[in-house]
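Here are my comments on the model you sent over.

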Amino acid sequence: MAHAVCVSVLPYGRQLHRRIFFPPQRSSPSSASASASATDSLFTSASASTSNYSPKVVVTRERGKNAKLITALAKHEIKCLELPLIEHAPGVDLDRLPSVLSDNVFDWIVITSPEAGSVFLEAWRAAGMPHVKIGVVGAGTASIFKEAMQSSNQLLDVAFAPSKATGKVLAAELPKIGNKTTVLYPASEKASNEIEEGLSKRGFEVIRMNTYTTVPVQNVDQIVLKQALAAPVVTVASPSAIRAWKNLLSDSEWNNSVACIGETTAAMARRLGFRNVYYPTQPGLEGWVESILEALGSYDELLR
C-alpha cells in the first residue's frame, strides 16, 4: 500500500500516538485504490519506535486535515512528520451567522478558505438551507461544497472562482449583479481586509462576519519538534501557521525550506525572515506538491 510515514503529536497530558504509513510498493496493482486516503492503512501505537526515523517533510495543518498531502507525497516515497501548528476556534460573529442567512438575501457569499466553507455550511444548514450563490477563491475551497451541492437540490450554487486563486484577484473579478451587488463575507478574524476593500472600491456592498479564528497549538511535544527542526522542508497552509512556526523556533537558527500553499502565505514567510521559501503560482494540492519537491531538490543539491 502506498503510504508515507507520519508521526502525530497530541497535546500535553494525552497519550502520544505515532501514525505510521509505509512506503508504496509499486509492484502491486491493487495499491492505487488502497492509497486513495492516507488513513486507509493507519495504525496507532503508543510504543512505536522512531530510532531510525528521518522524515523529509513536516505537515502542519490542523489535526485531521493532512491526509491528502501525506498521500500525495507518498506517491513520491516521501516520509512525513505531522506536527499541527494551529487549531480553529469560534469567531465573534459565529452565533449570528444562521440568523443573518435566514433573514437576508445576498447576491454573493464569498468563501476564501476550506475552514470558512465548513463553518458556513453548518450555519447554512441551521438557517434552513436558503438558496445562496457562492464565490470561492479556488478549487480547494470549492471542494468543501461538493457533497452539499449534490444533496441540496440546487439551493447551494458555487458559481464563481477567479482566474487566479488569491483574494486580490477574486475581489477584482467577482461579477456584479445589478447596480447594487450585496456580498456576505464570512471569514477568519485574522484574515486581511483585502477582500472587502477590493470589492467596496468596485461598488459592492460588503458585510464581513468573523466566524472563526486560528490559535497556535499549545504544548507541542519537544521530541517531535526536534525531529521537525531536522527535516529539510516544513509545509504551511496559512499565514497563521507560518507565524506559529516562527514562534516555535524562538532564537534558534533554522535555515531549511518552507513550502507554502500559496502566494499570500509565502509573502508572510518572507516578512518573518525566512529565506528559502517555495510556493506554487496557482494554489492547490498539485502545485503545492511540486513546490515541496522543488524545495527537497534544492536541499539535495546543497548536500552534494
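The points below start with the overall picture and then turn to particular side chains and loops.

1. First, the ground rules. This is a predicted model, where local features need pLDDT of at least 70 and side-chain atom pairs count only at pLDDT 80 or more, while totals for chains, interfaces and linings use all residues. Residues are numbered from 1 along each chain as its sequence is written, and side-chain values use heavy atoms, with hydrogens and water left out.

2. Overall make-up. The chain has twelve helices and 13 strands; these are DSSP runs numbered from the N terminus, with helices being H or I of at least four residues and strands E of at least two. Of the 304 residues, 46% are buried (buried is under 20% relative accessible area, exposed over 50%, partly exposed in between, with a 1.4 Å probe and protein chains only).

3. Contacts and surface. Taking contacts in the chain with a separation of 6 or more, 66% are between residues 24 or more positions apart (contact means heavy atoms within 4.5 Å). The accessible surface is about 15,300 Å², and carbon and sulfur atoms account for 50% of that (Shrake-Rupley method, 1.4 Å probe; for residues, only the protein chains shown count as cover).

4. Aromatic pairs. Tryptophan 108 and phenylalanine 160 make an edge-to-face pair, at 6.2 Å centre to centre and 65° between the planes. This pair joins distant parts of the chain, 52 residues apart: tryptophan 108 belongs to strand β6 (residues 108-111) and phenylalanine 160 to strand β8 (residues 156-160). Both tryptophan 108 and phenylalanine 160 are buried.

5. Another edge-to-face pair. Tryptophan 254 and phenylalanine 274 sit 6.0 Å apart centre to centre, with 80° between the planes. Here the partners are 20 residues apart and both come from loops: tryptophan 254 from the one between α10 (239-249) and β12 (257-260), phenylalanine 274 from the one between α11 (263-271) and β13 (277-278). Tryptophan 254 and phenylalanine 274 are buried too.

6. Lysines over rings. Lysine 133 lies over the face of tryptophan 108, 5.4 Å from the ring centre. Lysine 246 does likewise over phenylalanine 274, at 5.4 Å from the ring centre. The test asks for NZ of Lys or CZ of Arg within 6 Å of the ring centre and within 35 degrees of the ring normal.

7. Is glutamate 115 buried or exposed? It counts as buried, because its relative accessibility is 14%. Glutamate 115 is found in helix α4 (residues 114-126), and its side chain makes a polar contact of 3.1 Å with that of histidine 88 (a pair of N or O atoms within 3.5 Å; within protein, one must be able to donate a hydrogen and the other to accept it, and residues adjacent in sequence count only if both atoms are side-chain atoms). Beyond its neighbours within four places in sequence, glutamate 115 touches Lys65, His88 and Tyr212.

8. Positive phi. Asparagine 153 has phi near 55°, a positive value in a residue other than glycine. Asparagine 153 is in the loop between α6 (146-151) and β8, and is exposed at 70% relative accessible area. Asparagine 219 also has phi near 55°; its loop runs between β10 (205-216) and α9 (222-230). At 54% relative accessibility, asparagine 219 counts as exposed.

Key: Rings of Phe, Tyr and Trp (its six-membered ring) pair if their centres lie within 6.5 Å; planes under 30 degrees apart count as stacked, over 60 as edge-to-face and the rest as tilted.
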